[in-house]
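Please look over the sequence and the structure below before reading the briefing that follows. The notes are grouped by topic.

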Amino acid sequence: MADRSLDEKLQRDDITAAEVMDLVGEKPLADLMRLAADKRDARHGARVTYSRKVFIPLTQLCRDVCHYCTFAHAPRKGQRAYLTVDEVVAIARAGRAAGCKEALFTLGDKPERRYRQARDELREMGYPTTLAYLEHAARTVFRETGLLPHLNPGVMTTDDLARLRRVSISQGLMLESASARLCARGGPHFGSPDKEPSQRLRTIELAGRQAIPFTTGLLIGIGETLLERVESLLALRALDHRYGHIQEIIIQNFKPKPATRMAHAAPASLEDHLWTIALARLLFRPDMNIQAPPNLSPGVLDQIIAAGINDWGGVSPVTPDHVNPESPWPHLARLDEATAQCGKKLTERLAIYPAYARDPARWSDASLQTALLHATDANGAPRSDEWCPGAVSRLPARDVGLLDAPMAAPSIVDGGIGKIIAKAQSRRRLDESEIVSLFEAEDGHFTAICRAADELRRDVNGDAVSYVVTRNINYTNICYFKCQFCAFSKGKLAENLRGRPYDISLDEIERRAVEAWRRGATEVCMQGGIHPAYTGETYLAICRAVRRATPNMHVHAFSPLEVFQGAKTLGISVREFTQELKRVGLGTLPGTAAEILDDEIRAALCPDKINTAQWLDVMRTAHLAGLRSTATIMFGHLDRYAHWARHLLRLRDLQAETGGFTEFVPLPFVHMEAPIYLKGRARKGPTFREVILMHAVGRLALHGMISNIQASWVKLGEDGVTACLKAGVNDLGGTLMDETISRSAGARHGHEMPPREMEALVRATGRAPRQRTTLYADVDRERYFASLDAPELLPIMTGLESRPAASEGVTRRAADSAAAS
């Protein structure tokens, strides 16, 4: 209770530095560190992050003369004032080859105002100022290497910040101290006009106004008092409260350097450093990132972590720390080991922290947003692999290995993740933040989640792996909706016209259904674009045609969007239309058109489609009419873990109400031909880790409500679904016969997986295959053996074969007509 009271008092907006000192001044350092570490762990967990960077010292000339600095120096005979662009790009390329993702530009402040050499070189290169040259250099590095620039150029104006925002993913300026006293004669900042605290705070404020993710912090032990240090932290906190743009606070300890005016000054003590780190953690918002450079604290990294940091900053495998050249970066392997010894996990990040990367429209310039989307996963962290859904590529060995890894020590899965798993196992409803925590899992937690999901699968479904012999019939690819992810639809209104638009006849639908029956199918799955000429009667006619041709075939058809549109065109309610569909032979509905059941995402992904409430209402109505359905999620594009959590909870809540969902089917976004990806506005699908977790977390979050979790071989391939079978999956969906939607988006895993191949895949995992019906009953022997000896498929007929030009013209005119109306 006392600890909570202290935290509440420290969070007061009007608290003064003197009041802070009264509250913490006499508190033992060990107690402060414990409070700080607890606050850190509650928000950041076991992660301690770092950025793999390359350090580019664009110029070491500076108009300031800080008394502790060895980075800046006067012009030297025979040495250029600035790196050339070729030199800059060469450094960046070396960093890229070493796996760096950040290009850190550090430079002296406005050297052209002090040195003629700087002015002359800038004039020769054609730039009026150092900042103008920096802008060009950063843009070139990004264009040539793809590294994301982070810029530390000093005090700036509004215009300076705006121009540099266009070429950088983040920027920074150390406050160092808010004490103007340090700028007086005899102080470390005397003769350094850009170290005036009011100017530096003004720059940080202007960055906030322009939504620039910003790095700042203190340099402690340069002559400031403890009270002044607290005043500095409170000044930064006030700016962050106003703009929310400060992504990290660095607490850097002063270390005297030879050949400087402060060479014989005492360094900041370890106790001082730990106290300031702990106080920074306690003063700032819970999710603030507190950083201390590891190369300045060799041998005591465990104490630095214990004081409350969650970030080591940028670490370069290529270039030295030009600001502290006497203190080399620790090797990443040693830093990883030192971090692990403290019970923490060293985790890579970008120069822009995940919380800011998750909202690129707000925090990044439009010219950088595509690169940021392509570089990150759904949590805003660097993509952990190059794998993507639909592609024929090797699975990430690390994630596959984690599926087979021994269970982590109990201490690893105790605490938050262990409690969440236990809650799910007891069939209780998880909340959004708990599901997000599951999606964030890595390493031992990842293994624990997958193992728990698979144990639930075994309890609920046994060791059988089911599949259904079905035929996909996509009756038209003409659609007047403008879904940004869809590469299937064609026609004048399609986002990206590739291939020929078609609208097959009822005779062809009947032919395909009959052929499917002869090949052992028990189901036809029918969906299509929203053709402008289709009405509810079209869907009724399709049902009648299939039932007429194959009376015993199960009709699994029509997304909630098609049902909604069909009812609307007939002027009747969804309830009346679903009853009529059931009367003419509809058996179940596919749970597609769900995409992400969150209107924030739908507004960008499928703005003219039915919204979340409408999708849920169609499903509710269908379930109450006796029509069961599947439930899907299409993920890995614009969405974040919170959106996934909301989607799962909305499915769970509806299932608790109706019991109508038969299975949950994760559908990873296939990016290659998707319009939204080609426009640079989407990620390239989920990572493999995220795919595995979607199935495992789905099993946990829906436990007790939805019994079957399905993996899509079309999107994941044989190796992908084999991995998913270790993470809670018990069903592999349909054999399909004709798959066109995923292949239109770029998937390369084929259009049919015959029963013999499906069963061989399952048996190779040590599990038993089970051919099922749509509603998960066993198929009869006649159907089963017919499926094993199926004849070859005849060529499909789209109706365009004999009239290529005319058909395309008709479909385009139909789409134009729909748009006009």
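Why does Pro 560 count as buried? Pro 560 counts as buried because its relative accessibility is 0%, where buried means under 20% relative accessible area, exposed means over 50% and partly exposed lies in between (1.4 Å probe, protein chains only). This is a predicted model, in which local features need pLDDT of at least 70 and side-chain atom pairs count only at pLDDT 80 or more, while totals for chains, interfaces and linings use all residues. Residues are numbered from 1 along each chain as its sequence is written, and side-chain values use heavy atoms, with hydrogens and water left out.

**Surroundings of Pro 560**

- Pro 560 lies in helix 23, which covers residues 560–570; helices (H or I, at least four residues) and strands (E, at least two) are DSSP runs, numbered from the N terminus.
- Not counting residues up to four places away in sequence, Pro 560 touches Pro 590, Thr 592, Ile 610, Trp 615, Val 618 and Met 619, with contact meaning heavy atoms within 4.5 Å.
- The C-alpha atoms of Pro 560 and Asp 653 are separated by 18 Å, and the two residues are 93 places apart along the chain.

- Strand 16 (residues 661–668) is mostly covered, with eight of its eight residues buried.
- Strand 15 (residues 628–635) pairs with strand 16 in the parallel sense over six bridges, and the chain crosses from strand 15 through helix 27 (residues 641–658) to strand 16 in a right-handed β-α-β crossover.
- A crossover is right-handed if, with the strands pointing away from the viewer, the path from the first strand over the helix to the second runs clockwise.
- Ser 629 has Phe 661 in strand 16 as its bridge partner, and Ile 633 stands opposite Pro 666 in strand 16.

**Strand 10 and its partners**

- Strand 10 (residues 464–468) is mostly covered, since four of its five residues are buried.
- Strand 10 runs parallel to strand 18 (residues 768–772), to which five bridges join it, and Val 468 stands opposite Arg 772 in strand 18.
- Strand 10 also runs parallel to strand 17 (residues 731–734), here with two bridges, and Ser 466 stands opposite Asp 731 in strand 17.

**Salt bridges**

- A search of the whole structure finds 60 salt bridges, a salt bridge being a side-chain nitrogen of Lys or Arg within 4 Å of a carboxyl oxygen of Asp or Glu.
- Lys 39 and Asp 7 meet through their side chains in a salt bridge with an N to O distance of 3.8 Å; because Lys 39 lies in helix 3 (residues 29–44) and Asp 7 in helix 1 (residues 2–10), the pair ties together parts that are 32 residues apart in sequence.
- Lys 39 counts as buried because its relative accessibility is 13%, whereas Asp 7, at 29%, counts as partly exposed.
- Glu 228 and Arg 181 form a salt bridge whose closest N and O atoms are 2.7 Å apart, and the pair links distant parts of the chain, with Glu 228 in helix 9 (residues 226–243) and Arg 181 in the loop between strand 4 (170–172) and helix 8 (197–209), 47 residues apart.
- Glu 228 is buried, with a relative accessible area of 12%, while Arg 181 counts as partly exposed at 44% relative accessibility.
- A network of salt bridges links Glu 432, Asp 598, Glu 600, Arg 646 and Arg 650.

- Asp 365 lies in the loop between helix 14 (360–363) and helix 15 (366–375).
- Asp 365 is buried yet has no salt bridge, and the nearest side chain of opposite charge, that of Arg 165, is 4.3 Å away; Lys and Arg count as positive and Asp and Glu as negative, while His and the chain ends are not counted.
- Asp 365 touches Arg 165 and Arg 166, not counting residues up to four places away in sequence.

Definitions and conventions
Two strands pair if DSSP finds at least two bridges between them.
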